[in-house]
Amino acid sequence: MANTKTDEKLQKIAKDLLESGEVSLIIGYTKGSNSQRMRPLFVTRTEDADKLSFSPNAVQDLAVFLKKAEVKKFGKIGIVVKGCDEKAVNALIQEYQISRDNIKIIGVECNGVIRQNIADKGETNVSESTVYDKCLICEEHIPVLYDFLVESEEPKLVLSGKVKPYSEIARLESMSSEEKNAFWANEFDKCIKCYACRQACPLCYCSRCIVEKNTPQWIDTNSEETGNAQWNLIRAYHLSGRCIGCGECERACPVNIPLMLINEKMAIDVYNMFGYKSGLDINAKPVFGVFSENDFNDFIK
Amino acid sequence: MARIGVFVCWCGSNIAGTVDVEKVREEAAKIPGVVSALDYKYMCSDPGQNSLRNIIKEKNLTGIVLAACSPHMHENTFRKAAAKEGLNPYFVEIANIREQVSWVHENKERATAKAVDLMKMMVEKVKRDKPIEDVRVPLNKKALVIGGGIAGIQAALDIANGGVEVILVEKEPSIGGKMIQLDETFPTLDCSSCIMTPKMVEANQHPNIKLYTYSEVEDISGYIGNFKIRIKKKARSVIEKDCTGCGECWNACPMHKNIKSEFNVNLSERTAIYVPFPQAVPLVPVLDRSVCLHFKKGGKCQKCYDACGPKCINFDLQDEIIEETVGAIVASTGYDLMDTSMYGEYGYGKYKDVVSGLQFERLLSASGPTEGVIKRPSDGKTPQTIVFVQCVGSRDPEKGVPYCSKVCCMYTAKHAKLFAHKVHGSQSYVFYIDIRSTSKGYEEFVRSTMEQDGAIYLRGRVSKIYEDDGKLIVKGADTLSGNQVEIAADMVVLATGVIPKQGSDKLAQMLGISYDKYGFFTESHPKLRPAESSTAGIFLAGMAQGPRDIPESVVSGSAAASKILGLFSKNEYEVEGTIANVNESTCVACFYCQRVCAYNAISKKEIKDRSGKLIKVVANVNPGLCTGCGACVNACFSKSIDVKGFMDDQIYAEIKALAI
Amino acid sequence: MKTVINEQNRRNFASQVESMLHDKLSKCYQCGKCSAGCPVNFEMDYTPNQIIKMTELGMEDKVLHSKTIWLCVSCNTCSTRCPKGFEVTGIMDVLREIAEKKGITSKVEKEVQMFHEVFLDNVKSNGRIFELELVGKYKLKTRHLFRDMFLAPKMLEKGKLKMHGEKIANLNQIAKIFKDFE
Amino acid sequence: MKVSEKLHEAKSGDNSENLSAAGKLAYYPGCSLKGTSFEYEVSLLRILEALNIEVKEIPDWNCCGASAAHSINHNLAVALPARNLAIAENGGYESVLAPCAACSNRLKSADYELKTDEILKKKITDSIEMPYNSEMSINNMLEFLIGVVGKDKIKTLVKKPLSGLKVASYYGCLLVRPPKIMQFDDPENPVTMDELVAITGAEPVDYSFKTECCGAINSLSKPDVVMALTGNVLYDIKKHGADLVVVACPLCHSNLDVRQREIERKYDEKLGLPVLFITELLGLSFGIDPKDLAIDGHMVAADRVLKKIEELSK
Amino acid sequence: MEDKDLKKENHVDVKVAEAGSYDPRIIAFVCNWCTYSGADLAGTSRMKYSDNVRVIKLPCTGRIDPLFIVEAFKKGAKGVLVSGCHPGDCHYTSGNYHSRRKYATFRDLLGYFGVDLDRVEFSWVSASEGNKWVSVINEFTDKIKSMPGKSTDIFTKK
């Protein structure tokens with residue numbers, strides 16, 4: 001497949017950045033072995049910049065690499081990000097994990113990425129029924145913060161409203177405690193504690209995860225339902241008010257636990273209670289780093 | 001291996017009446033690691049403590065648990081006893097089986113079961129106690145006093161006389177505060193300025209006191225022993241060291257109309273360059289640039305400069321920033337009087353002859369606008385009938401504040417008395433709800449105002465004041481006779497309530513001390529630590545803490561001073577060791593801990609290798625500031641910070657001890 | 001004057017008033033500002049603050065037979081100025097309502113009470129007020145036939161007194177309201 | 001900030017034409033305006049006509065219960081006004097003009113209780129058999145003029161400024177109290193009516209009894225008390241040199257106007273103070289014929305004042 | 001001698017639960033300054049309340065990690081109470097405010113995972129509110145006792 005205009009723009013930006021020495025590494029996408037997949041590419045030499053590409057198959061959130069020591073050692077880094085992924089960069093800046101001065105954000109306009117399982121079957125159209133739920137509620141088709149912007153050649157995503165994103169949340173909320181319990185017991189029963197969700201998350205950057213701490217043992221280590229539930233609860237709790245909704249955890253889960261139903265529910269709660277959305281402003285104080293005297297108090301006697 | 005001793009106290013029948021103490025002891029003995037279990041009638045008694053100490057020694061205990069009364073009662077007692085035997089005092093845990101078991105439950109069986117549970121929890125906790133060493137912080141032996149009213153001056157003088165250097169910062173051009181505005185003081189009727197002026201002069205001349213007037217504290221950082229402060233010395237436009245206070249400048253100032261005198265509470269006027277009052281300390285004028293012609297009209301007027309002998313007026317002087325380091329601080333910022341214009345029914349602001357208590361004080365004062373002759377503001381006539389209204393703003397949750405302002409009963413009695421003394425044949429009426437005259441000589445003072453000076457007291461509030469034929473008609477109630485009364489007065493004095501100095505909440509935030517919903521600074525403990533703020537090294541004095549009179553303000557100033565002198569009597573300050581502690585190897589420097597810390601106790605620490613290359617940044621706890629609240633622990637995702645004495649694994653062990 | 005306090009009666013009465021008032025009697029600290037500003041205090045047998053205290057003490061008879069509760073003109077001066085935000089006007093309404101329900105007729109201020117009753121009767125039968133009828137019935141009931149009579153001719157002349165009253169169309173609705181709450 | 005400033009900040013502005021054009025302005029005359037205070041209604045309709053504002057009478061409205069209801073039957077005191085409010089709300093109206101101070105006071109009080117007491121609301125809506133959601137804005141005459149119509153608009157209509165005339169505004173109690181329910185002007189020193197007086201070109205007179213009660217409801221039952229109270233107000237006004245009094249309440253008007261002659265006799269001192277409704281004063285300044293404003297309906301003749309106005313305007 | 005008798009008379013065997021009755025364990029995490037002192041006050045005032053509760057003392061609500069609630073459930077607690085100083089009264093000025101935010105969302109999450117929220121209670125009890133402590137404990141215990149069947153949660157083995 002020939003280079004698209006998007007790819008050319010990306011490559012030009014990357015070349016310029018590397019040549020001028022403004023960055024020493026660029027993280028981007030390149031075409032995978034399978035034409036329906038994109039894979040991450042790490043470019044340190046100008047000549048490799050030509051391999052950079054972008055398409056609605058660029059599903060992965062590359063911001064996850066920013067937490068890796070191997071990447072950090074490059075110092076100044078450029079990164080290709082969609083609007084959703086870019087919020088992760090912002091959150092990392094808010095939490096002092098990277099410095100704004102050390103990162104060049106190459107934003108790409110994105111009108112939705114195709115679900116990988118559908119793409120694998122040959123689907124190439126970006127439409128309401130082929131993209132992820134997160135794309136249907138996306139308000140950042142153009143990243144909120146960028147140094148360079150590459151516009152999309154894809155048509156805008158048309159929403160008929162027929163497909164209800166995360167509709168399962170409302171259904172779950174309306175259930176009785178016992179039904180919810182059963183639903184999640186069933187889901188967490190599948191969990192094998194592989195921690196792929198954690199590895200794929202750009203905001204799970206602790207060098208020692210709470211799960212690895214054993215005095216006390218916060219989470220039962222054996223892979224059984226109760227410990228699994230605890231792991232999933234703590235993971236969600238640690239991401240509440242922080243998760244930017246990239247969906248990588250759910251995509252990484254080998255046993256298909258619908259993790260985004262939890263993350264998204266938390267995001268809705270935090271927004272309803274505190275009017276805060278994660279990753280939109282690098283100067284904003286994280287929602288759990290501040291308080292208001294007028295915070296929601298109804299549940300306390 | 002843990003060697004724990006458990007001691008079950010009977011507390012006479014207080015515990016033993018409801019809890020089977022023997023059973024608790026038996027259960028304790030069964031717990032692995034417990035090497036000694038004992039029950040005794042009164043553990044806190046001397047023999048009780050002695051047996052505790054003996055067993056620590058004999059059994060070489062590594063920790064002890066007392067199943068006894070609340071830790072708030074005797075934790076310290078037992079810690080001290082343990083320390084005497086060389087056991088780390090923090091290896092003492094209390095299971096509260098009195099206040100939270102025997103006194104609140106009735107079923108013996110169940111109460112005993114609960115007592116056993118609580119004892120088990122503490123055994124598990126004490127097993128996991130880590131030795132805690134109290135922290136020592138070096139002290140800079142210099143003090144800062146913020147606010148130069150009577151409380152601040154007293155504190156500064158006491159500290160200075162103790163041989164410690166003091167910086168006294170006052171916002172206004174002169175020290176003296178509200179007290180210097182008063183005429184005479186209750187209940188002895190000493191002249192306020194006669195007793196205040198010498199103190200002001202002493203503070204100014206004391207070799208250990210550095211006085212900054214017309215200055216404000218702009219920034220404070222650091223912690224006990226080591227506070228860094230920035231003081232803004234506002235430009236006076238007068239070179240202080242050259243000024244003789246001769247007065248030629250203010251006599252020459254053409255701006256002598258329409259600028260209200262703050263000192264005389266708007267009852268007189270002042271010039272643009274002025275001293276607030278003749279006995280001001282320092283006796284150096286201030287040029288008020290907001291009204292000065294020189295500044296308003298492009299530099300043309302310089303009459304004051306021309307009149308000045310030593311030529312010490314300098315229009316170009318700039319604000320100065322002074323930086324100091326001190327070991328302790330006294331916050332004595334004083335109070336304001338409430339604005340009473342919210343009482344539409346009283347007509348303050350509408351009727352000139354309705355004045356506030358402080359205004360009346362100025363009308364009584366020989367240095368006031370009428371030179372001590374009582375004249376009413378509207379026409380300068382001497383009033384024959386004055387109505388005094390108490391509780392204006394105070395004890396009024398609807399329009400004012402719910403608290404009692406404490407001084408109004410007494411100053412109103414004083415006003416009525418002085419009015420009777422100054423205007424013969426006059427009559428005063430005082431509307432009151434309750435008379436609060438509880439200090440030495442106060443009740444006698446109020447009684448004599450009624451009995452000797454003829455003031456008529458009516459128990460009831462005033463509902464409305466209006467003007468009629470040059471008189472102020474006061475509609476009030478006398479609830480004792482059950483009558484509505486109307487009095488035609490020449491003047492009305494409202495006993496205005498007190499509120500904290502404007503901006504005191506901002507200062508409290510800067511200092512990191514707590515304050516109540518009105519803005520009064522909160523004591524560390526209202527009874528037992530009344531001179532301390534919630535933050536170590538910062539002390540409180542005067543009305544900034546709440547309504548109080550002059551003697552109480554002086555006492556509180558001295559109390560703060562003695563606390564500071566006590567603190568400075570050692571070279572180091574000891575901080576309780578139950579503070580937060582960072583695991584640097586796992587900290588990822590997200591600094592949520594810093595965000596939630598109310599004490600600015602967490603800072604960034606750079607870890608470098610031997611060559612000086614930065615390896616990582618981690619959170620660092622300042623032991624002088626940390627209070628051990630543990631908010632940081634909850635904020636940490638990777639559990640890289642913990643609080644000594646309440647560590648996560650201890651809490652987990654407690655929960656586990658309760659497992660069923 | 002002496003009152004023996006019967007604790008049970010005291011509680012019954014005070015709590016009945018409090019529940020109707022949605023306010024607590026103990027809030028009042030007897031400063032007397034209500035009485036000081038009351039425009040009709042001069043005619044009252046007990047000042048408003050005394051009424052509050054007497055209610056708290058359970059002096060039901062004295063309170064419900066007092067002139068005060070009927071003299072109150074509901075001008076709200078007391079409530080507006082009360083430093084504790086106590087419903088002083090409200091307690092007068094409550095006490096009048098209790099008196100009315102108990103069938104207590106004020107011996108000294110029966111005119112006021114009758115006026116209110118006649119007024120409501122008038123509303124009940126017309127849905128609106130027919131002033132001439134109201135005045136007429138009131139005067140018949142109080143037998144103050146000639147009081148204010150001198151005003152009538154001029155008022156009629158000016159057109160202030162209408163000879164015919166209006167009735168509303170859906171009187172049944174008004175009847176229902178009265179039935180529900182009377 | 002004073003209550004009055006708050007009110008003006010929040011509500012001042014000309015919204016009347018939009019509301020009027022949309023047919024959203026309901027009018028609740030109340031019984032007095034159909035009887036003893038017919039002058040009030042005549043004059044207010046006349047000035048609204050001049051302002052090009054149309055209000056629609058709430059269909060089949062009933063008496064608000066006045067003070068009789070709340071005096072002896074709390075539920076009735078809420079239910080009677082609630083029926084009117086519910087009819088208006090269900091009829092699609094957004095705002096009610098209740099020119100009678102007593103009516104507006106009762107409507108607002110009922111509305112407040114229905115808003116704050118769910119149990120009571122259930123009881124009342126069950127009885128009136130209509131839903132009510134408390135979404136109506138209830139305005140007394142002054143609120144309506146300042147808040148809905150707007151001062152600027154009124155100013156444009158002043159054709160015949162009443163300069164030289166001294167006018168005392170009498171507010172009485174019902175307009176401003178209790179403040180937490182009325183949410184209108186400063187309860188101790190109200191100014192709204194004085195502002196309207198100033199717009200007419202007349203000089204507002206300050207005096208001490210602006211909000212003292214005239215005795216209102218006990219007019220018939222306690223005439224002696226009422227005369228004492230009303231007398232206080234009238235003599236104070238007289239002392240402060242007013243030519244006339246304006247009011248925005250039929251009860252005040254009754255006591256100040258109808259009983260004035262009697263008061264003069266009782267206290268043996270002449271008053272001769274015409275008592276006009278604020279709507280009448282505005283009408284005069286708009287140049288409307290006094291007859292059209294029903295000024296001749298008052299007991300105290302306003303002839304001398306009208307003559308003075310004529311002279312001043314020459 | 002007398003003391004001996006007292007002991008004897010009081011010597012009982014510990015039997016926590018009577019057969020057949022539901023005797024749920026309730027764990028309360030409380031702050032040292034307000035609620036713990038409030039509970040002490042209930043004691044010094046000799047007020048009586050339900051004995052199902054076990055108190056774990058922490059310095060501040062700011063130290064009461066929401067995850068403790070889960071651990072308590074795992075260890076068999078049927079109800080968990082978290083209690084501290086009223087807003088504005090925190091001994092450490094803002095610990096309770098920070099925690100309130102966390103509890104608000106954490107509580108929702110628990111509910112979402114199927115924990116009956118009647119089992120988790122939060123309250124503000126000041127050092128002077130011994131009576132409130134008593135009523136909070138009694139009401140909460142009654143509530144928990146009234147729902148023996150609804151105590152399942154995803155963290156506890158069935």
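A disulfide here is a pair of cysteine sulfur atoms within 2.5 Å. Searching the whole structure turns up two disulfides over all chains.

Some ground rules. This is a predicted model, where local features need pLDDT of at least 70 and side-chain atom pairs count only at pLDDT 80 or more, while totals for chains, interfaces and linings use all residues. Residues are numbered from 1 along each chain as its sequence is written, chains are lettered from A and ligands numbered from 1 in the order in which they are written, and side-chain values use heavy atoms, with hydrogens and water left out.

**The cysteines**

Here are the two bonded pairs.

| Disulfide | S to S distance |
|---|---|
| B:C191 to B:C194 | 2.2 Å |
| E:C34 to E:C85 | 2.3 Å |

Let's take the chain E pair. E:C34 sits in the loop between β1 (26-31) and α2 (35-44) of chain E, and E:C85 in the loop between β3 (79-84) and α4 of chain E, so the bond links distant parts of the chain, 51 residues apart. (Helices are DSSP runs of H or I with at least four residues, strands are runs of E with at least two, and both are numbered from the N terminus.) The torsion about the S-S bond of E:C34 and E:C85 is about 100°, so this disulfide is right-handed.

Are these cysteines buried or exposed? Buried means under 20% relative accessible area, exposed over 50%, and partly exposed in between (1.4 Å probe, protein chains only). E:C34 comes out buried at 8%, and E:C85 is buried at 3%.

Over in chain B, the S-S torsion of B:C191 and B:C194 is about 90°, so that disulfide is right-handed. B:C191 is partly exposed at 24%, whereas B:C194 is exposed at 51%.

**Where chain E meets chain A**

Counting heavy atoms within 4.5 Å as a contact, 42 residues from chain E and 46 residues from chain A take part. The buried area, meaning the accessible area (1.4 Å probe) that two parts lose on being put together, summed over both, is about 4,000 Å², with 64% from carbon and sulfur atoms.

How many salt bridges cross this interface? The rule, a side-chain nitrogen of Lys or Arg within 4 Å of a carboxyl oxygen of Asp or Glu, finds four between chain E and chain A. One of them pairs E:R101 with A:D295, whose closest N and O atoms are 2.7 Å apart. On the side of chain E that touches chain A, α4(E) gives the most, with 15 residues.
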